[in-house]
Structure formats: structure tokens, C-alpha cells
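Hello,

Here is the structure for you to look at. Please open it first, then read my notes on the aromatic rings below.

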Amino acid sequence: MSRRSLATRRQAVVAAASCLSLALAGCAGETTTPDPVEPPEATDRTEPETDDAPADDAQDAPAEADEAQALLGSMTLEQKVAQLFVVRPEALTGVGVQTAAGDATRAALEELPVGGFCYFAANLVDADQTREMLANTARYAEEASGVPPFLCVDEEGGTVSRVGGNPGFGVDNVGDMCDVGATGDTEYAREVATHIATYLDYLGFNVDFAPDADIASNPAGTMGRRSFGATADVVAPMVAAQVEGFASGGVLCAAKHFPGIGGAAGDSHDGRIYSERTLDELRAEELRPFEAAIAADVPFVMVGHLSLPSITGDDDPATLSHEVVTDLLRDELGYEGIIITDSMAMGAALESVSLDRLGVEPLLAGVDMVLMPEDLHAAYQGVLDAVAAGELTEERIDASVLRVLRTKLERL
């Protein structure tokens, strides 16, 4: 994809965004609400309100650390544990396909104030519907928990794109990151990320699960088109540039899939995937893009479901490994941001742990947030049971919740 094509696409998006921004200007004091777009089969919907933009006090002045600590001290254990889950909206409300947020969402968040939501193409009809849904969700979540939710999407470009290329939005797909990496131009990579962040931001998303920091060293692997390239020398600077680009566009991002799944065969959606690399081999290549992301102040690192028997001594995926999550990512690489799992509804996770342990085992490994467990309520109750049994301490829970609260108060 050429810079000219990206510029053309960006001009189209910015032009659309400019029009939408006038209607969306709750952040700037505008109180007019755009006419709602009635999505098909919207099963959870309330009438739009004139002040449908989420409160932006936290955006105006970054919170001090003691504000997060004070909020943590006011929360019950149940509220704290709920903050450690990022879920599909349907997992919380029980609707079929959620395309709006109304009374059911408000009631569900009052009962279980989860830390965030992840949306897919089926949830996204068009710009008006998406903005209204996300704005309502943000308001209800903040009412329930005192902090905004993470509103997340997988928008890498290419084969992983929920908005770009979706006919309801008029935004072109930016294309595969392998083509961006092939240019060798880090400024172009940064521009691509800023472009994506720009349209996600005005829709109301605040987290993009990108960039892909995997090295596509296996030509038959699943990361060939999603990765920037086949060596750390290519991938690392591209990843750093995109982390900076997402930040400049106003969206948090996540380097994924630690410690690097690009050399593995198979797909962790279906079952376990393996790497026989040693720790020294990982340090020489796979870890370097993540080190570059950390140096660029990446707010999230997503851990993948990669089994590393040469390092862990078993078949458990990295998401369940204290050696990978805590010893390697947290301690050796010195990462201080939020560590989140890949989806805990994927085959590699479900082969490895029971539904009631889908939250417990990642937390024991050192993860902060659990993404989309197969059964939210079983995973949530499992964490509470583990605390009651003394397997997980409340201090351990507090450490992750405090990291989540500080990120929300200081960066959203």
C-alpha cells in the first residue's frame, strides 16, 4: 500500500470525522445529539440522551497515584475482581448480538462492573450506532465503578479489521502489516497507526489490540500477513513506531502476542501451539519487538497461548506460565504496564484449564486482566473462590486492580 493511497484514505476519514465531530462535540461543550441510527435487531436499547458523551474530567487532568489508591480502598473484593475482566458485551448482558447499550447494560454493569469490553464487526453497524453504544456503555460503567471502561477492538488492518472495510463506516482497510513492513519506512508505520487511532477515537474506542509484535519466521504460520516481517530487525522498529502512532491518535494499544507466536505452527484458536526455542533464542529475536514496544511506553502487552516446553517444562500456554509472565515479562524486561491474556475462549486455553480456572490461573501467573473467558461468570466466581481459599491473596488482586485504575485515570 502506498503513502498516496493512505493519504487518500485518511483524507476521506478525516473529512467524515470532521462532520461527525460537530455532532459529537460533547467533549467541547456541544449538547446537540445526532439523530440515532436504528440498528437491525438491536436487543438492548434506550432512547438517546442529549449528554451522551462520557465524562472527560480524567482526560483534562491526569489523576495522581493516590487517587487510584483511594478508589481501590473504597472498592469491595467483588468490584475489584470484576475490573480484571475484559469481555464481549454479550457475555455480560446475555443478548444474542449486542448493537446498543441500554437498560440491560446498565443493570448488568451495576451487578458486575467489568473492566472493559471487546467489540467485533457484528456489534458495529455504522458510525452513529457505534458512537451511541460506546458512549452509553462508558457512562453506565463509570456510574457503576467510578472509572471509565476499556472499550476495545482488534483493528490491526488487513485480515484483522472490524471498522476499516466495514461497509457501514466508509473507512478503507489500511491493508496488511507485512506490506507496511516491506516499505522499511517507520514513519509510514507510525502514520498508519495514527490513521487507525484517529477513526477509532472519534467512534469512542479507547483501546486497540494492535500492533502485532510477532516475527513471522514460519512461512506456513498464521502471522505471515499480520506481522511486519520475518526478523526482529524489521519488526522491532515498526512496532515502536506504531505504539507512538496510536498514542498520538489518542488510543491505547497492546503489543501482542508475547513472547512471540510468529514461528509456531498451527492456530491457538483451535488448540495448543508450540515453540521449542530456548530462552536465549527468544532473547535474540522474539523478545526484541516487545522490548521496543516497552521502550515506547506501550500501555498493554497481550500474552499469547504459546506453549514453551523448553522454558516452562510443560505444555501449558504462556498465559498460564509464571516463568513467562512474571519472571520474563515483568521482571527481566521490566514491564510495568497492564499484562492481558489473549482470548480465554480459544482452544489452546480451553484445552489447558477448566472454565472456573480461566481467571485464576492467569492471575497466578502474573497477568493483570483476563480477556473474554469462555464463561465469564464461572471465571469470575473462580477468582473469588480462590481468594476465599487463600490460593490468591487480596493483595495480589489489589496489585493488578491498582495498575488498571491508574491506567484508566491517567491515560483515558
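Start with Phe258, which is buried, with a relative accessible area of 0%. Phe290 is buried as well, also at 0% relative accessibility. Keep in mind that this is a predicted model.

Now the pairs. A ring pair is described by two things: the distance of the centres and the angle of the planes. The count here is 4 aromatic pairs.

One of them joins Tyr119 and Phe205. Where do the two residues sit? Tyr119 is in strand E2 (residues 116–119). Phe205 is in the loop between helix H9 (186–203) and strand E4 (207–208). They are 86 residues apart in sequence, so the pair ties these parts together. Both Tyr119 and Phe205 are buried.

Back to Phe258 and Phe290. These two form an edge-to-face pair, with 5.1 Å between centres and 85° between planes. Phe258 belongs to strand E5 (residues 252–258), and Phe290 to helix H12 (residues 287–295). The pair links distant parts of the chain, 32 residues apart.

There is also a cluster: ring pairs link Phe117, Tyr119 and Phe205.

Last, the charges. Which residue lies over the face of Phe120? Arg88 does, at 4.1 Å from the ring centre. Lys408 lies over the face of Phe150, at 4.9 Å from the ring centre.

Best wishes

Note on methods
Residues numbered from 1 in each chain as written. Predicted model: local features only at pLDDT ≥ 70, side-chain atom pairs only at ≥ 80, totals over all residues. Heavy atoms only, no water. Phe/Tyr/Trp six-rings, centres within 6.5 Å; stacked < 30°, edge-to-face > 60°. Helix = DSSP H or I, 4+ residues; strand = E, 2+ residues; numbered from the N terminus. Buried < 20%, exposed > 50% of the residue type's maximum accessible area, 1.4 Å probe, protein only. Lys NZ or Arg CZ within 6 Å of the ring centre and 35° of its normal.
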